[in-house]
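Hi,

Here is the structure I promised to pass on. Have a look at it first, and then read my notes below.

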Amino acid sequence: MSGISTSTSVGAAPTEGAGAADEGAAAGFGAGEPGRDTGTIRLGDRTRGEATDDTTRYAPEWLQLRESVDASARSSELLDPLRIRLANLPRRANGFVIHDLGCGTGSMGRWLAPRLDGPQHWVLHDRDPYLLHFAAVGSPRSAADGSRVTVETQRGDVGRLTADALAGASLVTASALLDVLNADEIEALAAACAGAGCPALLTLSVVGRVELTPAHPLDAEIADAFNDHQRRGDLLGPEAISTACDAFSRHGATVRVHPSAWHLGPDESALTAEWLRGWVGAAVEQRPELAERAETYLRERLAACAAGELTAVVHHSDLLALARPAGGV
């Protein structure tokens, strides 16, 4: 059972209506605590359970803010081996079928579809129907060679993904999703991809390293507290990439990993400021004893950001898992 409750098919739509980006934080495959204000992004907030109309929503404005930085960060080095694998798959009448898990507002499709040749049909998965609407409206219309791109949306939970749900899939994608999963969910994802014989391109997973310039004495303590917040409960946080590599490898996939860091300078000051608020806020939530010092720290960091004097490198990794094709093809 795939955990999908609704499905809507739409034709390719103009990109002008979306203006928003994808992010596992927006994925809704786990999202913030019920009733929590999400006007300011709270990194790492997730809930469990069924999707309902009360599912916490992540502001499309935040996703829009980060889309261009995400696009620049994703590893283009993983695209050539992916293209080779896709070129060797049996051709289908409707082209490649690509499942985007935790699609948010669909920036993964906007980034990847125009980089692949051939007709494509994207199946956009998320728990939040509000974000699925943005993803459908903002989907790309054509592939790299001008072939048609179509989409459908499916509301559901990645934790219950199975090989049956991926039957006929050419590729599984996700952005900033792995680090908000637990070990069982990553195992299920790897098993589903292996069972369906389809590759997976999983981008922008946090790895627990941040570099801020100029440095500040509290940087390391805030980073450690944030990383612990990412690991709360049974979530993997910075360990997700290594766990996923092991899981896909156990299921016979060839795995490649490439760095995909955000590089934030004066031109990205709005994103840096919003990221800082969420980063520090999660750290304080994890370690309330930091609150007083963190308040001063954040004020100083935001002032430096506004003055164009702060740069940040937020490290992520992208993973490409090339499963053995189903049926030995």
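A residue counts as buried here when its relative accessible area is under 20%. Thr 150 comes out at 15% relative accessibility, so it falls on the buried side of that cut-off. Bear in mind that this is a predicted model, and everything below is computed from it.

While we're on Thr 150: you'll find this residue in strand β4, residues 149–155. Its side chain also has a polar partner, with the side chain of His 121 in contact at 2.7 Å.

Now the overall picture. The protein chain has ten helices and nine strands. Of its 329 residues, 56% are classed as buried. If you take the contacts with a sequence separation of 6 or more, 85% of them are between residues 24 or more positions apart.

Next, the helix packing around α7. Two packed helices are described by the angle between their axes and the distance between the axes, and I have both for two pairs.

The α7/α9 pair: α9 covers residues 269–286, and its axis is 8 Å from that of α7, at an angle of about 75°. The two helices are therefore roughly perpendicular to each other. On the α7 side the contact is made by Asp 219, Ile 222, Ala 223, Ala 225, Phe 226, Asp 228 and His 229, and on the α9 side by Trp 279, Val 280, Ala 282, Ala 283, Glu 285 and Gln 286. Sorted by class, that contact has eight nonpolar, two polar and three charged residues.

The α7/α10 pair: here α7 (residues 219–230) and α10 (residues 291–306) have axes that come within 11 Å and cross at roughly 110°. That makes α7 roughly perpendicular to α10. The crossing is left-handed. From α7, Asp 219, Glu 221 and Ile 222 take part, and they meet Arg 293, Ala 294, Tyr 297 and Arg 301 of α10. By class, the contact of α7 with α10 has three nonpolar, no polar and four charged residues.

Then there is Ile 241, which sits in helix α8 (residues 240–250). With a relative accessible area of 9%, Ile 241 is buried. Leaving aside residues up to four places away in sequence, Ile 241 touches Leu 178, Ser 205, Val 257, Ser 317 and Leu 319. There is also a C-alpha to C-alpha distance of 9.7 Å between Ile 241 and Ile 186, which are 55 residues apart in sequence.

Most residues other than glycine have a negative phi, and most peptide bonds are trans. So which residues have a positive phi without being glycine? Ala 176 is one of them, with phi near 55°, and Leu 204 is another, at about 60°. Ala 176 is in the loop between β5 (171–175) and α6 (183–196), whereas Leu 204 lies in strand β6. Are they buried or exposed? Ala 176 is buried at 4% relative accessible area, and Leu 204 is buried at 1%.

And where is there a cis peptide bond? One joins Thr 213 and Pro 214, with omega about 0°. Pro 214 belongs to the loop between β6 (200–213) and α7, the helix that packs with α9.

Cheers

Key:
Residues are numbered from 1 along each chain as its sequence is written. This is a predicted model: local features need pLDDT of at least 70, side-chain atom pairs count only at pLDDT 80 or more; totals for chains, interfaces and linings use all residues. Side-chain values use heavy atoms; hydrogens and water are left out. Axes are lines fitted to C-alpha atoms, for helices over the stretch in contact, and angles run from 0 to 180 degrees between N-to-C directions. Helices (H or I, at least four residues) and strands (E, at least two) are DSSP runs, numbered from the N terminus. Angles under 35 degrees count as roughly parallel, over 145 as roughly antiparallel, 65 to 115 as roughly perpendicular and the rest as oblique. A crossing is left-handed if the near helix is turned anticlockwise from the far one by less than a right angle, and right-handed if clockwise. Contact means heavy atoms within 4.5 Å. Ala, Val, Leu, Ile, Met, Phe, Trp, Tyr, Cys and Pro count as nonpolar, Asp, Glu, Lys and Arg as charged, and the others, Gly among them, as polar. Buried means under 20% relative accessible area, exposed over 50%, partly exposed in between (1.4 Å probe, protein chains only). A polar contact is a pair of N or O atoms within 3.5 Å; within protein, one must be able to donate a hydrogen and the other to accept it, and residues adjacent in sequence count only if both atoms are side-chain atoms.
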